[in-house]
Amino acid sequence: MWLAGLSLALQAAAGASERPVVRPPRIDTVVTVDGRLDEPVWRRAAKLDGFHQYRPVDGQAAAQRTEVLVWYSPSALYFGIIAHDRSPGSIRATLADRDKIFDDDRVIVYLDTFNDRRRAFVFGANPLGVQEDGVRTEGGFGGGGGGGRGGGGGGAVSYDRSPDYLFQSKGQVTDSGYVVEMRIPFKSLRYASGSRATPGDIGGISPGGTTMTWGFNVVRATQRSGFEDTWSDVRRGGTSFLSQGGLLAGLTDIKRGVVTEFQPVITASASGVRDSVTGVFGRESLKPDLGANLRLGFSNLAIDATVNPDFSQVESDAGAVTLNERFAIYFPERRPFFLEGIELFQSPGSVVYTRRIGSPVAGGKITGKFGRLSLAHLTAVDEEYDPYDTTLTLKRHPVVNVTRIRTDLGANSLAGFTVTDRSVAGGFSRLVQADTRLLFAKVYAVSGNLGHSWKRLDGETKSGPAWSVGFDRTGRAWGFSYSLEGVDPGFEAAVGFVPRVGDVNLRAFNRFSLFGRRGALFEGVTFFGSGNRYWRYSRFGTDRAVEGDQSLSAFGRIRGGWSYGINARSAFVDFDPDYYLGAAVASGTGFVPYAGPARLTNAADVSVNASSPNLPWGSINARVQRRTVGLFSEASRAREFQASGGFEVRPRQWARVEGNLVYSRLVRTRDGSEFGRTIIPRIRVEIQPNRTYLFRIITEYRSQRRDALRSAETGQVLYFDGVASEPTNTNRFRADFLLSFQPSPGTVAFLGYGAGFDGDRTLSFQRLVRQDDGFFLKLAYQFRR
């Protein structure tokens with residue numbers, strides 16, 4: 001209690017610090033958003049300048065001038081941003097798909113409409129007016145879509161570009177830089193029905209009145225230099241970017257009303273597959289489907305409902321090297337219904353991961369904020385095959401419920417409570433979790449969470465706790481993060497992403513940064529030192545650690561936006577017999593159970609990476625790694641060489657080509673034999689003649705081979721249930737085509753085709769045989785009132 005009280009007292013003092021304030025005029029008029037700023041109303045707008053550099057070195061005046069004009073009408077906010085540039089010919093600007101402009105010069109407006117310093121709407125545009133939008137969240141613990149195990153750290157900062165808000169933007173490159181004009185309707189925002197009190201007060205919503213004060217900032221990114229400038233003087237050492245922003249004050253008599261959105265959706269698909277027995281390729285008949293989405297948006301609350309939703313993805317997940325993976329691999333959520341308000345489901349430990357809801361037939365959500373209290377609830381009826389039905393004809397319908405409640409404490413602290421339930425005939429899996437994160441003295445954070453799960457299936461019940469504590473410092477020159485996390489073997493997050501259970505993890509992370517002067521060759525370098533230790537949950541404090549590592553690394557930037565990094569690591573790990581359970585080696589009289597080495601020690605790891613700035617033609621990056629690893633499927637020691645690289649080429653404003661290549665080879669140290677090799681090239685081509693139309697091709701070739709599993713001591717082939725392990729070889733090519741028409745958020749037309757081919761030659765297009773394919777059509781129209 002004394003720690004919470006100290007935190008709130010220190011935050012109160014910090015909250016009273018001066019924040020720059022702008023009071024835009026209210027002008028009852030309408031202008032055409034054309035990127036020109038030539039209407040008379042712009043001469044009456046409030047004017048902001050005096051930007052400060054944020055990256056790479058904060059605390060100094062911006063190298064180039066930026067001016068912001070702002071005013072508002074009863075229905076919308078208007079921004080005119082004039083970005084002066086001494087070299088207009090070097091401005092980066094392309095006709096890109098929405099939210100794909102992070103390689104362009106751009107300006108970004110942050111609107112913290114609840115003025116709670118935790119969540120801000122983000123609206124951005126490049127010099128041609130191509131849009132990006134989303135939500136920036138601070139103090140979370142990993143997205144509602146998952147994101148790995150969340151330790152007791154000081155909390156995550158996320159920028160989720162998935163939500164699409166309706167706003168207008170136009171831009172043009174001029175002889176002196178570029179100009180961007182934005183109109184952001186109040187209907188696209190959520191905000192409190194009253195206002196925050198005076199700027200120095202960190203209290204709650206005022207008891208009445210219609211005048212509002214919002215948190216506010218503008219960021220300008222210049223790609224050729226890698227510089228980012230902010231309107232308010234934001235310092236990188238603080239725990240919160242949003243709390244260092246300015247204030248947009250005096251907003252009054254806003255006319256928003258209730259936003260009603262109705263979206264009918266028509267989808268049709270026809271999948272084909274080759275019969276593994278007959279070799280005949282067959283195609284199912286065209287399957288049209290109808291669905292609908294309904295959304296009611298109030299100023300601080302949104303209600304979403306969906307019937308027979310379309311949960312298709314128009315972009316495949318990028319391939320990953322899986323030859324020697326022990327745990328599940330995380331892939332981000334992309335499905336629209338789950339993405340809206342996903343930041344409000346953020347919970348420590350990633351106990352909410354919506355991709356666990358595989359194929360829902362209906363769903364509903366409520367998300368909102370009431371004073372200091374945030375509420376998010378999701379209900380979905382899923383559809384899946386019965387795991388006990390070998391004919392794959394019977395289906396069952398689990399009901400999934402997720403509720404997250406969070407309250408703000410002081411200026412930036414929070415406390416939350418999460419409940420998840422997945423119930424199906426014959427059983428359930430339920431989880432509860434409480435968490436808190438307390439910030440004090442501007443750079444320190446203490447966090448912790450405690451959860452428990454219960455699972456019952458076919459009369460059997462298991463349960464267990466999960467917990468974590470952490471202490472962090474986020475100073476400019478030095479910082480640290482220390483955490484202790486435990487997950488009982490009986491803990492299960494049926495709607496979460498917790499790939500590793502049954503251990504306790506102690507983590508220590510330290511950072512030290514040096515910054516160069518403006519114009520220096522080396523703009524800055526940051527050094528990292530970290531250590532990890534894992535214990536079996538039941539033996540924590542009484543037995544030695546079963547896994548651990550320690551590492552030193554450095555990351556730096558060179559003038560012009562070039563970056564580099566180097567990492568050296570040493571690790572050890574115990575080989576769990578469960579990895580090769582049931583394995584045996586042949587002997588003269590039959591088979592002998594296989595028992596591999598107990599531990600891998602002195603596993604060295606060195607990696608180097610480098611990346612270019614966004615040059616006029618594009619950018620490149622590369623990474624090389626050499627390390628010693630354990631082959632967990634056979635308990636062998638191996639050396640791995642891994643190389644990866646990528647590029648982006650922009651030959652025209654309307655065209656871009658992205659590519660990356662991953663190469664990995666594992667060689668046993670015992671005799672130099674190859675355990676496995678993976679090569680994954682991936683190419684993405686986009687043609688975008690304007691902001692509405694897009695043609696995209698994604699191709700990926702996955703070539704992977706693996707030797708038979710062998711004894712770590714003798715090299716003998718391992719047997720499982722009397723059958724010898726055999727080598728595997730996969731050569732699979734995948735191509736996906738998409739034609740997209742998106743005139744506005746929610747109104748779309750997609751026509752796509754994808755096919756998968758298998759072959760018997762490495763990276764060869766000869767003798768490839770089509771194994772599966774599918775046509776896909778989606779039509780949706782967003783009615784908005």
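Which residues form a nonpolar patch on the surface? The views below get there after an overview of this predicted model.

**Overview: the whole chain.** The model is predicted, with local features needing pLDDT of at least 70 and side-chain atom pairs counting only at pLDDT 80 or more, while totals for chains, interfaces and linings use all residues. Residues are numbered from 1 along each chain as its sequence is written, and side-chain values use heavy atoms, leaving out hydrogens and water. The protein comes to 2 helices and 47 strands (DSSP runs numbered from the N terminus: helices are H or I, at least four residues; strands are E, at least two). Of its 785 residues, 50% count as buried (under 20% relative accessible area, with exposed over 50% and partly exposed in between; 1.4 Å probe, protein chains only). Among contacts (heavy atoms within 4.5 Å) with a separation of 6 or more, 63% link residues 24 or more positions apart.

**View 1: strand 7 and its two partners.** Strand 7 runs antiparallel to strand 13 (residues 212–222), with 7 bridges joining them; strands pair if DSSP finds at least two bridges between them. Here Arg 106 has Ala 221 as its bridge partner.

**View 2: the largest nonpolar core.** This core has 37 residues, with Phe 79, Leu 111, Trp 214 and Phe 216 making the most contacts inside it. A core is a set of buried Ala, Val, Leu, Ile, Met, Phe, Trp, Tyr and Cys residues joined through side-chain atoms within 4.5 Å. Strands supplying at least two core residues each include strand 7, strand 8 and strand 13. Trp 214 touches residues including Leu 77, Asp 112, Asn 115 and Phe 186.

**View 3: the nonpolar surface patch.** Ile 266, Leu 290, Trp 654, Ile 687, Phe 695, Phe 737, Leu 739, Leu 751, Leu 777 and Leu 779 form the patch, with about 880 Å² of accessible area together (Shrake-Rupley, 1.4 Å probe, only the protein chains shown counting as cover). Patch residues have over 30% relative accessible area and no salt bridge; like charges are joined within 9 Å, nonpolar side chains (Val, Leu, Ile, Met, Phe, Trp, Tyr) within 5 Å. A salt bridge puts a side-chain nitrogen of Lys or Arg within 4 Å of a carboxyl oxygen of Asp or Glu. Leu 751 lies in strand 45.

Methods:
Lists of a residue's contacts leave out its neighbours within four places in sequence.
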